[in-house]
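User: I'd like to learn how to read a few features of a protein model. Could you walk me through it?

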Amino acid sequence: MAGLLVIRHSKTATLRRLGDWFAQDGLDADVVFGGDGLPDDLRGYSGMMVLGGAPLPYQDDAYPWLPATRALTREAIDKDLPYLGICLGGQLLAYTAGGRVERRVYQPERGMTELSVLPAAAEDPLFSVLPQRFWMAENHQDHITALPEGAVCLAHSERTPVQGFRIGTCQWGLQFHPEVAAKNIKQWDVESQAECAADGFAWPDVLATAEQHDQENTAVARRFADRFAQLVLDKA
């Protein structure tokens, strides 16, 4: 089995459904919490993944392991290893490679959101498995406002110009959450529900939209996860 380093920023955050899918694909995910310490380098790994979190990718006071995460991200870029950054992970990839990330530049997105791929996605090794329009979970207020030089924007939504991008040949950043299913949205805590309301998203509507697109979302997320797993396996 190939090794995928997965860095999370909360002890309660997990790969959710991606963990089961990766295992079925033959991909061994080594999930570590940054606060418990990170590997010195990526020896023994064929890919890297960074999950979401609340701070910006340069707020080291909130997550003191961010410098080490950025160093590992730089190593993945330099070694051209498959990399998938989700939410904060995608913002961290953009920032590490020379892009810009800012707070609340655009309107926040909460719950299941419709996204669209851009023409460049048709030739992309990962995003080419996505349909023209698809639904994915969102829960963010920070945005990538400038991509690194040479990066390719691959997806967007009505409120967010950069929903997905690639640098190099196989390093991807996402704003959306392929690991989050409708059932996970239903489990959002009171604080998250309050954030939805504050941003103009009625909680009953958030739940109804998630349920409405659950089957479609699961199928698309599975294809996306399987393709990324295959890219890591191919690298191994």
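User: Let's begin with the strands. Which residue stands opposite glycine 85 in strand 4?

Analyst: Keep in mind that this is a predicted model. Valine 50 is the residue facing glycine 85 of strand 4. Strand 3 (residues 47-50) pairs with strand 4 in the parallel sense, over three bridges.

User: Are the two faces of strand 4 covered or open, and which residues sit on each side?

Analyst: Both are covered. In strand 4 (residues 83-86), Tyr83 and Gly85 lie on one side, Leu84 and Ile86 lie on the other, and all of them are buried.

User: In which sense do strand 6 and strand 7 run, and how many bridges join them?

Analyst: Strand 6 (residues 109-117) and strand 7 run antiparallel, with eight bridges joining them. For a facing pair, look at leucine 115, which is opposite phenylalanine 134 of strand 7.

User: Why is strand 7 described as largely enclosed by the rest of the structure?

Analyst: Look at burial residue by residue. Strand 7 (residues 133-140) has eight residues and six of them are buried, so the strand is largely enclosed by the rest of the structure.

User: Now helices. What describes two packed helices?

Analyst: The general idea is to give the angle between their axes and the distance between those axes. Here, take helix 1 (residues 17-25) and helix 7 (residues 214-235): their axes come within 9 Å and cross at roughly 50 degrees. Helix 1 is therefore oblique to helix 7. The crossing of helix 1 past helix 7 is right-handed.

User: Which residues make that contact between helix 1 and helix 7?

Analyst: From helix 1, Arg17, Leu18, Trp21, Phe22, Gln24 and Asp25 take part. On the helix 7 side, the list includes Asn217, Thr218, Ala221, Arg222 and Phe228.

User: Is aspartate 214 buried, partly exposed or exposed?

Analyst: Buried means under 20% relative accessible area and exposed means over 50%. Aspartate 214 has 25% relative accessibility, so it counts as partly exposed. You'll find aspartate 214 in helix 7.

User: And threonine 160: where does it lie, and is it buried or exposed?

Analyst: Threonine 160 is in the loop between strand 9 (152-157) and strand 10 (164-167). Its relative accessible area is 2%, so threonine 160 is buried. Leaving out residues up to four places away in sequence, threonine 160 touches Glu109, His140, His143 and Gln175.

Note on methods
Residues numbered from 1 in each chain as written. Predicted model: local features only at pLDDT ≥ 70, side-chain atom pairs only at ≥ 80, totals over all residues. Heavy atoms only, no water. Axes fitted to C-alpha atoms, helices over the stretch in contact; angles between N-to-C directions. Helix = DSSP H or I, 4+ residues; strand = E, 2+ residues; numbered from the N terminus. Parallel < 35°, antiparallel > 145°, perpendicular 65-115°, else oblique. Left-handed = near helix turned anticlockwise from the far one by under 90°. Contact = heavy atoms within 4.5 Å. Buried < 20%, exposed > 50% of the residue type's maximum accessible area, 1.4 Å probe, protein only. Pairing = 2+ DSSP bridges.
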